[in-house]
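Please look at the sequence and the 3D structure shown here, and follow the chains one at a time.

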Amino acid sequence: MEQKLYVKVLKFFLIVFVTMLFFFPIYWIFSMAFKPFPEWTAAGGKIYWFPNNPTFNNFRAIFSRKLEMSPIAGTAIRPILNSLTVSIIGTAIAMVVGIFAAYGISRYKAGGNLPFMLLQLRMFPPIAIIIPIMIMWAFLRMIDTWYGLAIIYGVVTLPFSVWLMKTFFDDIPKELDEAAIVDGCSNIGAFFKVVMPLAKGGIASSALFVFILNWSDFLIALILTDRRWTTIPVHISKLQSAMVGALYGPKAALGMIAAVPPIVFGILIQKYLVRGFTFGAIKK
Amino acid sequence: MANIVLDKLVKRFGKQVAVNELSLEIKDREFVAILGPSGCGKTTTMNMISGLLKPDAGTVRFDGSVMNNIPPGKRGVGFMFQNYAVFTYLSVYDNIAFGLRIRKMETEQIDKEVQEVARLLQIRHLLSMPASNLSINDMQKVALARSMVVKPQIFLLDEPLSNLDAALRNVMRAELKKIQQELGQTTVYVTHDQVEAMSLADRIAVMNFAVLQQYDAPHNIYNRPKNLFVANFIGSPTINFFEGRYRGGEFNLKDFSAGKMSVSKENKKQVDDSIRGEDIVLGIRPEHLKVGSSRDGVSGLKAKIVSVEPLGSKTIVYMHPDGNPSAILKSSMDSDFKPKIGEMTSLIINEKNLYLFDKKSADLVMRFGS
């Protein structure tokens, strides 16, 4: 049906409005990151919508070790490396376990009710379990260690990796594995030779999605780390100074760096995510 | 080469019995079709022959050796799936070479075999194409090539033609028959299409409700169906059934007002000897049930014509028997037959074309005229 012109115009403005609403915080982080001190402190109540005198000082403040007077000098490097380490290892755990679990569930109906129990893991708020976990981790001496954080990341994101990949495996006809098996492959051979190549797009996108989840976690890292293995989000929250309070400029600089991978990956895997999130609701 | 013996195969899925005590012997180089409606257990049977499923009881034997614990890849079978299972991420060439590579064949040898099979199926021009770009018809040929190239002793085809359009189905049917005769493998062919089964197979195994109903040559399946199910399943349009009773040389048929049909003297003794109970079902195929007023074989039975389907080569006439307006009779007449709808007509039945079934057991007790 042909839409009336005013409906089209209305729709257009609505879309523009909503898009701006969502993009404004991102814009604000990016512009703030390049504002000099007087602009981001907004001294005198003046708001600067654009960085009038763009500068890299915010980045210098958190990355350069030369500014020895500053308590935050060079402190951002370690959290970035920490975030990378624990997110990548956590993702690897979730993916390796998830791929095999999803394949078993998809093909052999393995585990009975286990898949749904996995899904239930997502149903109660993390805050409800994080304190008991902290106590367990304290006993195991895994607080503030890379493996302590990576393991819990792998566990928490496992439901996503399993259910996303299950939908991708479900989409691959069983006859393809069977054809390979009749041709002489073992079950595991059929999986690696036939199913994996067909599912690699889905697997890659699941991995990136899980990585984004791990990368942007705040709560778990806040509670399970304290000094050596703090991640970017936790470190951002610590950027304070006695003189001016929250250091919004350096926070924005670090926030911008932290925001880049999710944005890039999110765009890359958007197509797969829309499909995966229907959780098999669409059947061919 | 290879013969296949299935001995009392049983397969259950949970509580449901998919195949029940199936025994079947397939001779070397024979073309056998397993025919039945959806869910009758024919694909399950096929999967047990290929080894993709393990039987819960019974044995599968190839050439006398038990195969139950041999993995599918070591059984020497070629399997063609209904949805073709072509690996879309590979080229046509790599698809066909897949099985040979797993068998670790030399590269030159693989190339020779692939070219040979591609020539046979006339798909050489497709070899370098990605398999994802193929039309459904070409995909079917690639699937066939892939299962043929490993030179299986036994060839298993699971409804290979059911996704094709009608015209190509006929072409491929002829093609399959030719290839099978050339290569001479033992072939098992699963289908729900009776025309495919009748035209291709040396013998047909008709299955229903997980049980083998009849296993015989197509001619016998059609002419001597073992029970009501087989008689009803084979033949298009389907066979006509008249329920009734037999007593003292006379059939008393429920659906007709003048429901008496006497048995001729020469057949009476045979009917008396073979009949098991009074309740019987008479069967007659539409091509043997004629309409009109010919003198020979007039049965005294009357029916009302309700609709007519001119098919070109013949005309199908649908009727209600005069005693039961909810029953339908079918008659296949010559195409120049022009009946009037609503007209009452006589049925012409030649006794030698009748099938006599026992109602209780549903088994054929006698075929007149043989």
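Chain A is divided into two parts, domain 1 with residues 5-63 and domain 2 with residues 85-277. The model is a predicted one. Between the C-alpha centres of domain 1 of chain A and domain 2 of chain A there are 31 Å. The two domains touch: 13 residues of domain 1 of chain A are in contact with 10 residues of domain 2 of chain A. On the domain 1 side, helix H1 (5-33), helix H2 (37-41) and helix H3 (57-63) of chain A each supply at least two residues. H1(A) provides the largest share of that side, 5 residues. Sorted by class, the side of domain 1 of chain A that touches domain 2 of chain A has 10 nonpolar, 2 polar and 1 charged residues.

Further along chain A there is a pair of helices to find. Two packed helices are described by the angle between their axes and the distance between the axes. For H8(A) and H9(A), the angle is about 120° and the axes are 9 Å apart. Angles of 65 to 115 degrees count as roughly perpendicular and those over 145 as roughly antiparallel. H8(A) and H9(A) are therefore oblique to each other. Their crossing is right-handed. H8(A) contributes Leu176(A), Asp177(A), Ala180(A) and Ile181(A) to the contact, while H9(A) contributes Asn187(A), Ala190(A), Lys193(A), Val194(A) and Val195(A). By class, these residues comprise 6 nonpolar, 1 polar and 2 charged.

The next step is the contact between the chains. Chain A gives 13 residues to the contact and chain B gives 16 residues. Helix H8 (174-182) and helix H9 (187-215) of chain A each supply at least two residues of the side of chain A that touches chain B. Which helix gives the most to that side of chain A? H8(A) does, with 6 residues. The side of chain A that touches chain B is made up of 9 nonpolar, 1 polar and 3 charged residues.

Chain B also has a domain assignment, with domain 1 at 4-232 and domain 2 at 239-367. The centres of domain 1 of chain B and domain 2 of chain B, taken over C-alpha atoms, are separated by 39 Å. In the contact of these domains, 8 residues of domain 1 of chain B meet 9 residues of domain 2 of chain B. The domain 1 side of this contact in chain B holds 4 nonpolar, 2 polar and 2 charged residues.

Now turn to the strands of chain B. An open sheet of 4 strands has the order S2-S1-S4-S5 (chain B), with antiparallel pairing. Why is one side of S2 and of S5 in chain B left without a neighbour in the sheet? Strand S2 (16-26) and strand S5 (65-66) of chain B stand at the edges and each has a single partner strand, so one side of each has no neighbour there. Strand S1 (residues 4-13) of chain B pairs with S2(B) over 7 bridges in the antiparallel sense. In that pairing, Lys11(B) has Val19(B) of S2(B) as its bridge partner.

Another pair of strands lies in chain B. Strand S9 (residues 203-208) and strand S10 (residues 211-216) of chain B run antiparallel and are joined by 5 bridges. Met207(B) has Leu212(B) in S10(B) as its bridge partner. S9(B) and S10(B) form a hairpin with 2 residues between them, and Phe209(B) in the turn has a positive phi of about 50°.

Notes:
Residues are numbered from 1 along each chain as its sequence is written. Chains are lettered from A and ligands numbered from 1 in the order in which they are written. This is a predicted model: local features need pLDDT of at least 70, side-chain atom pairs count only at pLDDT 80 or more; totals for chains, interfaces and linings use all residues. Two strands pair if DSSP finds at least two bridges between them. Two residues are in contact if their C-beta atoms, placed from the backbone, lie within 7 Å. Ala, Val, Leu, Ile, Met, Phe, Trp, Tyr, Cys and Pro count as nonpolar, Asp, Glu, Lys and Arg as charged, and the others, Gly among them, as polar. Axes are lines fitted to C-alpha atoms, for helices over the stretch in contact, and angles run from 0 to 180 degrees between N-to-C directions. Angles under 35 degrees count as roughly parallel, over 145 as roughly antiparallel, 65 to 115 as roughly perpendicular and the rest as oblique. A crossing is left-handed if the near helix is turned anticlockwise from the far one by less than a right angle, and right-handed if clockwise. Domain bounds come from an automatic or database domain assignment.
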